[in-house]
Amino acid sequence: MLLPRRKVFMFLGALAACCSLAGKSLPARAVESKIAVIVSRRDKGTLAISPSMLRDIYLKKTFLDQQGHAYIPVNLPPDNTLRRAFSRSVIEMSESRLQDYWNRQYFQGVSPPYVLGSQAAVVEFVAKTPGAIGYVEPCFLTPDVYTVLQLTLDWTPPATSVAQCRLAPNAQH
């Protein structure tokens with residue numbers, strides 16, 4: 001009986017070692033994930049946004065809505081994976097190309113969108129600022145914001161984003 005038990009333990013040990021090595025060596029894969037493009041609940045009736053219009057708002061080619069109110073686009077930090085996916089999919093530029101674009105625009109008096117440190121900060125700013133528009137994962141939505149557009153992006157949320165999303169006000173537990 002001792003020999004089969006030893007073989008079982010050796011097999012389980014080898015299996016655990018393989019699993020831990022496989023977990024470390026395999027890169028994270030991008031998944032399709034929905035994001036919400038949001039405005040303040042007060043602004044919900046004034047906006048109908050398409051992906052191309054959203055691109056123009058974020059590139060500051062479109063400044064005003066149909067009522068003459070200014071758009072205030074907000075971004076996540078440049079190193080944020082959601083921002084990178086948003087820039088690649090919606091703005092259709094890499095971060096380096098986008099940086100070059102904003103360097104040129106700056107000399108024409110056009111500033112890039114505000115940058116906020118987290119998705120929770122984006123929701124709070126958009127909720128309190130008329131004309132503000134941002135993008136977040138749906139789990140960060142609150143009753144103070146309204147989703148004007150849902151997009152599906154290919155991106156890999158980092159572990160910190162997944163953990164924050166679990167703690168977010170709208171998280172599905």
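V37 lies in strand β1, which covers residues 31-40. The structure described here is a predicted model. With a relative accessibility of 1%, V37 counts as buried, since the term applies to residues under 20%. Apart from neighbours within four places in sequence, V37 is in contact with L54, I133, G134, Y135, Y146, T147, V148, L149 and L151. A further pairing in space involves Q150: the C-alpha atoms of V37 and Q150 are 6.1 Å apart, although 113 residues separate the two in sequence.

One of the contacts of V37 is T147, a residue of strand β5, which is formed by residues 145-155. T147 has a relative accessibility of 26% and therefore counts as partly exposed, whereas V37 is buried. When residues up to four places away in sequence are not counted, T147 touches A36, V37, I38 and L141. The C-alpha atoms of T147 and I35 are separated by 9.5 Å, and these residues stand 112 residues apart along the chain.

The protein chain as a whole contains six helices and five strands. From the N terminus on, these elements follow the order α-β-α-β-α-α-β-α-β-β-α. The chain has 173 residues, of which 38% count as buried. Considering contacts between residues at least 6 apart in sequence, 74% join residues that are at least 24 apart.

Helix α4 comprises twelve residues, 95-106. The buried residues of α4 are L98, Y101, W102 and Q105. Viewed down the helix axis, these buried residues fall within an arc of 95°, so they line one face of α4. On the other side of the helix, S96 and R104 are exposed. The cover over the buried residues of α4 includes α2, residues 51-58, and α3, residues 81-91.

Helix α4 also contributes to a pocket, giving four residues to the lining of the second largest pocket, the most of any contributor. This pocket has a volume of about 160 Å³. Its lining consists of N75, P78, R83, E95, L98, Q99, W102, P112, P113 and V115. By class, six of the lining residues are nonpolar, two are polar and two are charged. L98 and W102, both listed in this lining, are also among the buried residues of α4.

Most residues other than glycine have a negative phi. K60, which is not a glycine, has a positive phi near 55°. K60 is found in the loop between α2 and β2, the latter being residues 72-75. E92 is likewise not a glycine and has a positive phi of about 65°. The loop that holds E92 is the one between α3 and α4.

Terms used:
Residues numbered from 1 in each chain as written. Predicted model: local features only at pLDDT ≥ 70, side-chain atom pairs only at ≥ 80, totals over all residues. Heavy atoms only, no water. Helix = DSSP H or I, 4+ residues; strand = E, 2+ residues; numbered from the N terminus. Expected span 1.5 Å × (residues − 1). Buried < 20%, exposed > 50% of the residue type's maximum accessible area, 1.4 Å probe, protein only. Arc of directions from axis to C-beta. Contact = heavy atoms within 4.5 Å. 1 Å grid on protein atoms, 1.4 Å probe; cavity = no way out; pocket = protein on both sides within 12 Å on 5 of 7 lines; lining within 4 Å. Points joined across faces, edges and corners; volume = space filled by probe spheres on them. Nonpolar A, V, L, I, M, F, W, Y, C, P; charged D, E, K, R; others polar.
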